Amino acid sequence: MKKLFRRYIFFMIALLILAILTFINLELGKKAVGIVGFSFREMVMVIPPIFILLGLLDVWVPRETMVKFMGEKSGLKGILLSFFIGSAAAGPLYGAFPIAGVFMKKGVKFSNVLIFIGAWSTTKIPMFLFEITALGKEFAITRLLINIPSIVFISYILDKLVKPSEKEVLYEKMYSI
Amino acid sequence: MTNVVLYGAVGIILLISFYKDKSKTKMALKKAWKAFENILPQFLGVIVIVGVMLSLIDPETIGILVGNQSGWVGVILSSVIGAITLIPGFVAFPLAALLLQNGAGVMQIAAFVSSLMMVGVVTIPVEIKYFGKKLTLLRNTLAFIFSFIVALIIGRVVQ
């Protein structure tokens with residue numbers, strides 16, 4: 001019980017803030033509740049299939065296969081594959097982290113995990129089409145062209161900034177989940 | 001639409017998996033539930049915080065604050081707003097277009113879009129669970145700085 005309380009403390013504080021907001025300004029509170037409902041629906045629509053896919057990936061795809069395609073020695077193939085999987089994804093960025101977790105568990109190279117996160121955050125194909133319609137071709141294509149090399153660049157910087165021992169700790173942690 | 005495809009595809013894969021090996025499929029579902037339950041408290045907290053934040057934001061005020069004349073101050077402000085908010089893409093792009101029409105500058109909007117997509121202050125609790133504190137902070141900081149570069153280049157290229 002106490003453990004459950006500790007785990008949900010952040011959620012309860014968030015609810016408390018929402019309650020205070022509603023108390024101060026009813027209109028804003030209503031608006032906030034509406035947005036929470038909307039986001040919640042989005043979560044329900046996207047998150048369950050992602051996690052089921054994760055479970056299946058974990059059970060069916062052997063570690064060796066993942067290491068071969070995206071592991072330490074996967075080279076350009078691994079980079080392209082990380083980009084592709086991240087870009088083909090759907091859903092908000094927070095859906096990408098659990099997948100990154102399973103990738104680490106399966107021995108995917110750290111920089112490839114980061115490339116995957118980068119691609120998911122900003123080069124998603126459905127979003128790109130949407131960006132063209134809303135902000136124009138010039139805007140969307142320029143951004144895409146800056147993003148692709150930058151994602152690789154940022155991933156390598158991050159990879160270098162984290163010590164091998166720290167990486168090991170992160171990978172270890174994923175085994176327990 | 002994406003959701004129908006996603007649910008459909010996962011449903012089919014799940015059926016194939018079940019047909020091939022019942023116990024493995026059961027294990028997969030168990031793992032899926034465990035992973036989901038593990039992160040659920042963070043998800044719920046983030047969603048409520050986002051609701052509160054978005055209710056406080058008003059598109060017209062933002063449009064004025066990050067106008068064409070606002071320069072780098074406006075760019076920084078846009079990046080900060082993008083970093084602390086979490087808006088799904090299909091809402092964010094029309095919003096960005098609306099802001100442009102209301103007088104926001106291209107550079108400022110580029111900074112906003114970029115940091116919105118790559119920096120996630122409210123999702124930091126989720127990210128830390130998987131990547132730890134150090135990497136999470138580094139990643140978000142770099143992505144934040146990167147949004148200025150995007151603003152600079154888009155400001156030059158797009159008129």
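Biologist: Which residues of chain A does UniProt list for "transmembrane region" (unreviewed entry)?

Modeller: This is a predicted model, in which local features need pLDDT of at least 70 and side-chain atom pairs count only at pLDDT 80 or more, while totals for chains, interfaces and linings use all residues. Residues are numbered from 1 along each chain as its sequence is written, and chains are lettered from A and ligands numbered from 1 in the order in which they are written.

For chain A, the UniProt entry, which is unreviewed, lists residues 7-26, 32-57, 78-104, 110-129 and 141-158 as "transmembrane region" (positions follow the numbering used here, feature names are shortened, and annotations may be inferred rather than shown by experiment). One of these spans, residues 32-57 of chain A, is 100% helix and 0% strand, and its end C-alpha atoms lie 36 Å apart (helices, H or I of at least four residues, and strands, E of at least two, are DSSP runs numbered from the N terminus). Residues 78-104 of chain A are 70% helix and 0% strand, with end C-alpha atoms 14 Å apart.

The domain assignment divides chain A into domain 1 (1-60) and domain 2 (63-177) (the bounds come from an automatic or database assignment). Taken over C-alpha atoms, the centres of these two domains of chain A are separated by 25 Å. Seven residues of domain 1 of chain A are in contact with six residues of domain 2 of chain A (contact requires C-beta atoms, placed from the backbone, within 7 Å). On the side of domain 1 of chain A that touches domain 2 of chain A, six residues are nonpolar, none is polar and one is charged (Ala, Val, Leu, Ile, Met, Phe, Trp, Tyr, Cys and Pro count as nonpolar, Asp, Glu, Lys and Arg as charged, and the others, Gly among them, as polar).

Chain A also meets chain B: 61 residues of chain A are in contact with 62 residues of chain B. On the chain B side, α1 (2-20), α2 (22-56), α5 (89-101), α6 (106-118) and α7 (124-157) each supply at least two residues. The greatest share of that side comes from α2(B), with 25 residues.

For chain B, the unreviewed UniProt entry gives "transmembrane region" at residues 6-22, 43-66, 72-99, 106-126 and 138-158. Among them, residues 6-22 of chain B are 94% helix and 0% strand, with end C-alpha atoms 22 Å apart. Residues 106-126 of chain B are 76% helix and 0% strand, and their end C-alpha atoms lie 31 Å apart. The domain assignment of chain B gives domain 1 (1-40) and domain 2 (57-157), and the centres of these domains of chain B, taken over C-alpha atoms, are 34 Å apart.

Within chain B, the axes of α4(B), residues 71-84, and α6(B) come within 7 Å and cross at roughly 25 degrees (axes are lines fitted to C-alpha atoms, for helices over the stretch in contact, and angles run from 0 to 180 degrees between N-to-C directions). That crossing makes α4(B) roughly parallel to α6(B) (angles under 35 degrees count as roughly parallel, over 145 as roughly antiparallel, 65 to 115 as roughly perpendicular and the rest as oblique). Residues in this contact include Gly74(B) and Val75(B) of α4(B) and Met107(B) and Phe112(B) of α6(B).

Technical notes
Contact = placed C-beta atoms within 7 Å.
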